[in-house]
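Here is a short briefing on how two chains pack together. Look over the sequence and the structure before reading on.

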Amino acid sequence: MIVLLRWMLGWSEFSIEGNVGDFLNAAKKVLWMVRKQNGIVFARCLTKNYKYICDIAKKKGCCLKKYDSKGLTYILKKYKFRLGLAVGASIFIFFMFISNFFVCEVKVSGNIQIDDEKIFQVCDKFGLHAGNIVFNIDEKQIEFELEKLFPQIAWVSVNRVASKYYIEISEAREKPDIIDKSGPCNVTAAFDGEIISVEPYGGFSLVEAGDFVTKNQLLVSGIQEIENSNEVIYSHADAKIIAKVERNNEIRRQKFIARSQKTGTRQNKKNLLLFCFKIPMDFQKIKENAVKSEESLEAVELFGIRLPIFVQNNIYDIYDEINVDGDFEQIRRMLANDQQKWELKELAGSKIVSRSYIFEESDSELILKAKLNVEQRIDEKHPIQMQ
Amino acid sequence: MAEIINRISRNISKFLNFSPDILTHDISITIHSGYQAIVDGYSKILEYNDNILRISKGNTGLKIIGSNLILSEISQDGLIVEGNIYSAEFEKRGGQDL
């Protein structure tokens with residue numbers, strides 16, 4: 001910090017000859033970097049103190065010789081006749097200052113269920129979009145509206161850092177269903193299969209490893225009758241039963257694929273780029289099926305001088321969607337992808353022992369028939385209706 | 001008189017288990033690995049060249065011996081010496097200022 005301050009104020013380096021000890025004692029308040037090189041003592045002081053140092057040197061019978069002067073003041077002195085530079089720097093600082101009062105960018109974070117677009121639409125309604133003046137924006141109102149419109153939001157904050165706005169969202173987690181472990185229930189098989197392991201946690205197990213079971217067969221009972229008595233005991237049956245199961249799945253896809261094709265028509269849109277602001281030069285709306293294909297920048301010139309203002313010319317190609325006969329391999333890949341998604345969703349936590357895919361073709365569709373041998377949980381609880 | 005006050009201050013700081021520089025304002029020196037020395041509480045520079053720096057306060061003197069010694073910062077009662085510092089010696093002369 002001190003070094004920076006000294007550089008900003010400007011300092012001078014000089015040599016001292018004569019009674020150096022007395023001179024240092026008298027001028028020690030304002031000196032630094034005192035050193036002796038080749039028998040000559042050098043020191044530094046602020047340029048504004050140099051005259052004071054000269055007076056002390058005269059009194060103490062020393063001779064000073066200035067060697068070097070450095071600092072911001074000397075740099076500014078060098079450029080004092082360059083008016084354009086000063087004007088340019090002033091304009092730059094002015095625009096930097098002014099740009100603080102305009103929204104440059106809006107960023108959204110923390111949202112998973114809600115689309116960014118929907119949030120931006122709400123923000124737009126309340127003036128929070130790039131290019132608007134920050135004084136017109138009521139952050140609290142936007143927070144309130146977002147919370148009101150999206151019930152998924154648990155907490156939201158709109159913060160401004162310089163000219164950027166950050167919308168931080170924390171989404172609410174859905175309340176999980178409460179598992180009722182108090183009521184009596186039975187455990188039945190969800191699929192046909194061969195049982196590999198049985199881990200009963202409650203009730204009376206009716207099957208064991210190696211048994212073959214069919215769908216809806218009772219595996220663990222929640223009802224037990226006591227021998228030689230009419231008494232019946234009801235309990236909450238619970239078990240982890242893993243079985244070898246054969247799972248089948250069928251996925252269909254149309255043979256033709258929707259593909260977008262250029263119509264040959266083009267749309268032009270011009271913007272004026274001024275620092276970080278993009279000002280549209282016309283009011284035409286970009287069509288939904290338009291894709292940007294070219295972009296060019298052209299600097300604005302005034303009396304042959306290039307200004308830091310650019311005209312951005314965007315050219316959009318208009319596309320139309322048409323149905324074409326799909327590539328057989330491509331559809332197969334899409335079907336395989338769909339099947340993988342199904343496996344990830346339906347067989348989560350299960351072990352796939354083997355799988356086989358068969359592709360069949362109908363008039364308009366391609367069908368994937370998957371056959372999988374899986375080791376998975378088959379226990380399914382069914383409450384017992386008490387009369 | 002100054003010597004008496006100094007002695008009393010030393011005794012008080014000894015009794016209260018304080019660091020002596022709090023009450024006595026004597027010369028104190030902190031040397032970092034032989035390349036930088038921070039000196040506090042001096043009043044006069046007696047001698048300076050690139051091998052020796054002699055400073056004093058009252059009847060106490062301090063001689064720093066080294067090579068390429070630079071006084072990187074100087075103030076009214078403290079200074080920072082940089083360079084290759086070999087040794088620092090205190091000098092005392094009873095009742096007479098150095």
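In this predicted model, the largest nonpolar core holds 34 residues. Among those 34, A:Phe14, A:Phe23, A:Leu31 and B:Leu71 touch the most other members. Strand β5 of chain B, residues 60-74, gives the largest share of this core, five residues.

**Cores**

- A second, separate core has 19 residues, including A:Val122, A:Cys123, A:Val134 and A:Ile137.

**Contact between the chains**

- Chain B brings 15 residues to the contact, and chain A brings 13 residues.
- The area buried between chain B and chain A is about 1300 Å². Carbon and sulfur atoms give 55% of that area.
- In chain B, the residues that lose the most area to chain A are B:Ile45, B:Tyr48 and B:Ile74. Together they account for 40% of what that side buries.

**Polar and charged links**

- One salt bridge is counted between chain B and chain A.
- B:Glu73 forms a salt bridge with A:Arg6, with the closest N and O atoms 2.8 Å apart.
- Nine residue pairs are in polar contact between chain B and chain A, both residues at pLDDT 80 or more.

**Make-up of the chain B side**

- β3 (44-48) and β5 of chain B are the elements that give two or more residues to the side touching chain A.
- β5(B) gives the largest share of that side, six residues.
- By class, the side of chain B that touches chain A has seven nonpolar, five polar and three charged residues.

Methods:
Residues numbered from 1 in each chain as written. Chains lettered and ligands numbered in written order. Predicted model: local features only at pLDDT ≥ 70, side-chain atom pairs only at ≥ 80, totals over all residues. Heavy atoms only, no water. Core = buried A, V, L, I, M, F, W, Y, C linked by side-chain atoms within 4.5 Å. Buried < 20%, exposed > 50% of the residue type's maximum accessible area, 1.4 Å probe, protein only. Helix = DSSP H or I, 4+ residues; strand = E, 2+ residues; numbered from the N terminus. Contact = heavy atoms within 4.5 Å. Buried area = accessible area lost by both parts, 1.4 Å probe. Salt bridge = Lys/Arg side-chain N within 4 Å of Asp/Glu carboxyl O. Polar contact = N/O pair within 3.5 Å; in protein donor to acceptor, adjacent residues only side chain to side chain. Nonpolar A, V, L, I, M, F, W, Y, C, P; charged D, E, K, R; others polar.
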